[in-house]
Amino acid sequence: MTTIARVETFLVAPRWLFVRVETVDGIIGWGEATCEGRSETVRTAVEQLSELLVGRDALRIEDHWQVLTKASFYRGGPILASAVAGLDQALWDIAGKHFGAPVHQLLGGPVRDRIRVYGWVGGDEPAEVRDQISAAVETGLTAVKMNASGRMSPVASVAELDGVVQRVAAAREVLGDERDVAVDFHGRFSLATARRVAPLLEPYRPFFLEEPVVPENSHLIGEFVRATTTPVSTGERLYNRQEFLPVLQAGIAVAQPDLSHAGGITEVRKIAALAEVYDVQLAPHCPLGPIALASCLQVGFATPNYLIQEQSIGIHYNLGAEVLDYCLDKIPLTFVDGYVERLTAPGLGIEIDEQAVRAADKRGHSWRSPTWRHADGSYAEW
């Protein structure tokens with residue numbers, strides 16, 4: 001039988017929330033419901049939503065997704081969407097193990113045999129950027145993403161603008177013409193400053209410019225798109241198709257849903273299909289753990305308009321544990337020459353070290369998003 005017997009959650013270092021769903025016949029599915037800095041809140045939401053799952057058939061994934069997202073009066077938002085995402089991933093993992101197939105096979109079969117990956121690099125000064133990108137290249141990455149800036153004034157000074165350009169120029173110098181750099185504005189720029197800086201970066205040919213405005217100002221993103229020839233991306237803080245529709249209509253080139261925030265595999269597949277109508281590529285946000293990464297990859301292997309995959313191996317957030325620490329077999333999620341090969345094991349394609357997860361949960365974590373504001377006192381993205 002595939003009846004759901006119980007649901008458990010595990011708060012594990014460095015900042016992740018894992019979900020374990022078990023059926024009465026012993027099939028175990030894993031999901032990741034991490035919401036950075038709010039995972040304890042999501043944990044409670046998972047426990048409440050689990051009341052709608054226990055005792056029911058685990059294989060009715062679409063039906064469960066509809067109930068979890070639409071059956072209650074208050075819907076959506078990062079907390080509920082992240083809780084649904086973790087449960088949804090776990091149900092797909094169960095389905096794959098039940099049928100003896102990787103999830104991408106259940107989604108229609110593979111359209112590619114490997115997926116390109118990128119990693120985030122830090123560095124406040126051009127010299128630091130060069131060093132960090134050089135280290136990333138040595139690991140085999142062919143693409144990286146960097147922050148455009150630190151704190152920015154609402155109307156940037158010449159020095160602030162020059163600082164952005166100098167850092168991206170340093171990245172291009174190291175990467176040459178054969179590798180890519182994406183530049184993350186992280187919602188730190190006003191629209192006026194973002195529009196001003198974008199043309200200055202065009203000579204360095206960024207892979208894409210990410211989140212030029214905060215998500216609540218998505219209605220302004222079309223103004224930015226029209227200010228540059230560089231591809232524009234956004235989506236890590238958009239949680240469903242309805243929220244993606246306006247930015248797709250505004251002309252973004254790359255959609256970046258997070259599979260641990262935007263309703264899991266079920267919803268992100270639908271976001272991908274909607275994006276394809278607008279000739280938009282998918283590059284899911286994923287500075288998270290191994291289950292989120294595996295879920296992204298499963299979608300990627302079955303999705304034609306899939307551009308590249310973010311991964312967080314070695315990222316500065318990972319204090320106390322690394323992405324692969326909770327995997328019994330680390331090979332499936334390792335990358336060679338900047339790519340991850342197609343996962344072939346049943347379910348999500350990875351095997352979680354349950355003993356390590358339970359031990360980590362006893363220690364827990366209390367990771368919080370950093371907060372800061374502009375020099376003028378207005379608040380901004382970190």
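Two strands are taken to pair if DSSP finds at least two bridges between them, and strands (E, at least two residues) and helices (H or I, at least four residues) are DSSP runs numbered from the N terminus. The model is predicted, so that local features need pLDDT of at least 70 and side-chain atom pairs count only at pLDDT 80 or more, while totals for chains, interfaces and linings use all residues. Residues are numbered from 1 along each chain as its sequence is written, and side-chain values use heavy atoms, with hydrogens and water left out.

Strand 1 and strand 2 form a hairpin with 3 residues between them. Strand 1 (residues 4–12) runs antiparallel to strand 2 and is joined to it by 8 bridges; V12 has W16 of strand 2 as its bridge partner. On the other pairing, strand 2 and strand 3 (residues 28–32) are antiparallel over 5 bridges, and F18 is the bridge partner of E32 in strand 3. The hairpin of strand 2 and strand 3 has 4 residues between the strands, and G26 in this hairpin takes a positive phi near 90°.

Burial is expressed by relative accessible area: buried is under 20%, exposed is over 50%, and partly exposed is in between (1.4 Å probe, protein chains only). Strand 2 (residues 16–23) is mostly covered, with 8 of its 8 residues buried. In a regular strand the side chains alternate between the two faces of the sheet. In strand 2 both faces are covered, W16, F18, R20 and E22 being buried on one side and L17, V19, V21 and T23 on the other.

Side chains of opposite charge can pair when their charged atoms come close. A salt bridge is defined here as a side-chain nitrogen of Lys or Arg within 4 Å of a carboxyl oxygen of Asp or Glu, and by this rule the count is 20 salt bridges. One of them links the side chains of R20 and E22, at 2.8 Å from N to O. R20 is buried at a relative accessible area of 4%, and E22 is buried at 16%.

A further salt bridge is formed by K97 and D93, whose closest N and O atoms are 3.1 Å apart. Both residues lie in helix 3 (residues 77–99), 4 residues apart, or about one turn of the helix. K97 is partly exposed at 31% relative accessibility, whereas D93 is buried at 2%.

The side chains of D180 and R116 also meet in a salt bridge, at 2.9 Å from N to O. Because D180 lies in strand 6 (residues 180–184) and R116 in strand 4 (residues 114–121), the pair ties together parts that are 64 residues apart in sequence. Both D180 and R116 are buried. Salt bridges that share partners join R6, E8, R20, E22, E354 and R358 into one network.

S295 is located in helix 11 (residues 290–301) and is buried, with a relative accessible area of 0%. With contact taken as heavy atoms within 4.5 Å, and residues up to four places away in sequence not counted, S295 touches Q89, L259, I265 and L348. V277, in helix 10 (residues 264–277), is exposed at a relative accessible area of 64%. Together with L245 and Y278, V277 makes a nonpolar surface patch of about 260 Å². Patches are made of residues with over 30% relative accessible area and no salt bridge, nonpolar side chains (Val, Leu, Ile, Met, Phe, Trp, Tyr) being joined within 5 Å and like charges within 9 Å. Accessible areas come from the Shrake-Rupley method with a 1.4 Å probe, and for residues only the protein chains shown count as cover.
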